[in-house]
Each structure stands twice: as structure tokens, then as C-alpha cells.
Amino acid sequence: MRIVIPARYASSRLPGKPLLLLAGKPMLQHVYEKACASQAREVVVATDDELIAKAADGFGARVCMTRTDHSSGTMRIAEVIDVMGWSDDEIIVNLQGDEPLMPVSLLNQVARDMEHHQYADTATLAAHLEHPQQLFDPNVVKVVLDRKGYALYFSRAPVPWKRDELAWGKEISAEVSRGYLRHIGLYAYRAAFIKEYVGWPEAPIEAQESLEQLRTLWHGKRIHVSLAAEIPPAGVDTPEDVTRIEQLLLQQSG
């Protein structure tokens with residue numbers, strides 16, 4: 001497998017997010033080091049920003065400069081595949097640049113799942129909800145699976161809707177919420193699929209939910225979802241997250 005880390009400077013809530021210092025290192029460096037500790041034979045940082053490229057080069061990362069007009073990390077990865085000349089059957093893991101605490105075991109797991117499921121176009125991971133309040137949190141994406149572990153649907157809403165357990169005014173128990181799965185945004189796919197994916201227009205359900213993985217389901221492709229071997233901490237989206245993640249990193253290094 002190869003790991004690509006899409007990293008962009010622009011962020012509505014945290015401009016320059018990949019370069020934020022966490023425990024003395026840019027966040028992107030923490031992500032890169034996690035990737036290098038995996039079984040990947042190559043790790044590439046994909047960016048359109050010179051500041052990010054310079055920082056990545058400073059800690060020894062291989063950098064691929066990409067166009068500025070990409071609307072998603074997947075689009076950026078498609079350009080990397082083309083520039084690098086990777087073969088169609090190469091397994092690519094998409095590791096977001098704001099996941100400095102992503103367990104190395106999950107990088108290996110998602111790549112292994114992609115390799116072992118020949119009928120899957122994408123592999124990703126999920127975990128049981130940990131708290132009832134996550135059920136109605138739109139930032140916690142829920143996923144519904146079929147009996148073989150393939151995704152039926154992803155949503156920011158509580159799906160499936162358990163009519164009796166979620167009746168209006170009824171307190172939701174931890175047992176009920178654990179029956180739901182939250183999506184972990186780590187993907188693996190073969191290079192040939194990414195090339196096909198970026199040629200499709202945005203799907204209506206993708207636009208409505210603001211979830212790009214729904215484009216895959218809309219076009220009749222299959223996403224295999226495994227339960228994560230470890231539960232990763234949330235990534236960095238807010239200033240509060242920066243403090244929380246830094247404390248966890250210091251604990252790990254101490």
C-alpha cells in the first residue's frame with residue numbers, strides 16, 4: 001500500500017491547520033510519522049500550498065504539489081496517482097492531515113481489508129457510538145451495513161430510525177446508542193477506482209448530506225466497512241481540539 005496525506009492551508013475554522021504546532025511539531029508531521037510507522041511502502045504529502053510543502057520537506061516528507069482547484073482530498077489524490085505513475089491495482093490509503101492520533105493499526109487494517117475484499121471498491125472503518133448524544137450530532141456520521149458488511153447508507157442523521165427507542169421525549173440509553181455505528185473517515189481504494197470516481201459528477205445525496213462517500217453508493221459501487229480494531233480519538237477541527245490533542249500527544253510521548 002501507499003499512503004497519501006492531502007493537506008491544504010485553507011480552513012474556515014483553523015487557517016493553516018496542518019502547520020499548527022502540537023507538542024513542538026507541526027500537526028502534519030505527527031500525521032506523517034504515524035503513516036511512516038505503518039506497513040506502507042511509500043508516504044506522500046499532497047498539497048497545493050508552498051508553506052505546507054516547505055514544512056513537509058523540512059521534516060523529510062515526500063511532497064507532491066497539486067493543483068489549487070481540487071474540491072476534495074480524493075480529487076487531490078487522483079492527481080498524485082497520475083503524477084507518480086502508480087499502477088491501477090495499487091492500494092491507496094487516504095489519511096487526512098488533521099488526524100495526528102490515528103492509530104497505526106487502523107492504517108494497516110483498512111489496507112488489508114481492501115486487499116481481502118475483491119468485490120469492494122472502497123474499504124473504510126466504523127465503531128459503535130460511545131455516547132447517546134452522538135446519535136443526533138451531525139458531525140458524527142452514521143453508517144448502516146448489510147449482512148456482509150457493505151455500506152447501505154451514510155448519514156449525519158440517526159439511521160436507521162429505531163421507532164420505539166427514539167420516540168419523542170424518550171431518554172436514549174447508552175445501550176441503544178451503541179447499536180449505531182459511526183463512520184471513521186479513513187479510506188483505502190485501488191488507484192483505478194479513484195480515477196473512475198473523480199470522473200463522476202457530484203451525486204444529489206452527496207450534496208444533501210455533504211458526504212463524498214455517498215457518490216460511490218449513488219453510482220452502484222460497494223464500500224466495505226469493518227469494525228475498527230482500535231478507537232481513534234477525534235481529529236482537529238476547533239481551537240478546543242488543539243488543546244485536547246496536544247495533551248494526548250504529550251501523554252503518549254511522556
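The model is predicted: local features need pLDDT of at least 70, side-chain atom pairs count only at pLDDT 80 or more, and totals for chains, interfaces and linings use all residues. Residues are numbered from 1 along each chain as its sequence is written, and side-chain values use heavy atoms, without hydrogens and water.

**The chain**

The protein chain has nine helices and eleven strands. These are DSSP runs, numbered from the N terminus: helices are H or I with at least four residues, strands are E with at least two. The chain is as compact as a globular protein of its length, because its radius of gyration is close to the globule-rule value. That radius is taken over C-alpha atoms, and the rule is 2.2 Å times the number of residues to the power 0.38.

| Property of the protein chain | Value |
|---|---|
| Radius of gyration | 18 Å |
| Globule rule for 254 residues | 18 Å |

Buried residues make up 52% of the 254 residues. Buried means under 20% relative accessible area, with a 1.4 Å probe and protein chains only. Of the contacts with a separation of 6 or more, 67% join residues 24 or more positions apart. A contact means heavy atoms within 4.5 Å.

**Residue L22**

L22 sits in strand β2, residues 21-22. Its relative accessible area is 1%, so L22 is buried. Leaving out residues up to four places away in sequence, L22 touches M27, H30, P100, V242, I245, E246 and L249. H70 is 48 residues from L22 along the chain, and their C-alpha atoms are separated by 27 Å.

Conventions:
Buried means under 20% relative accessible area, exposed over 50%, partly exposed in between (1.4 Å probe, protein chains only).
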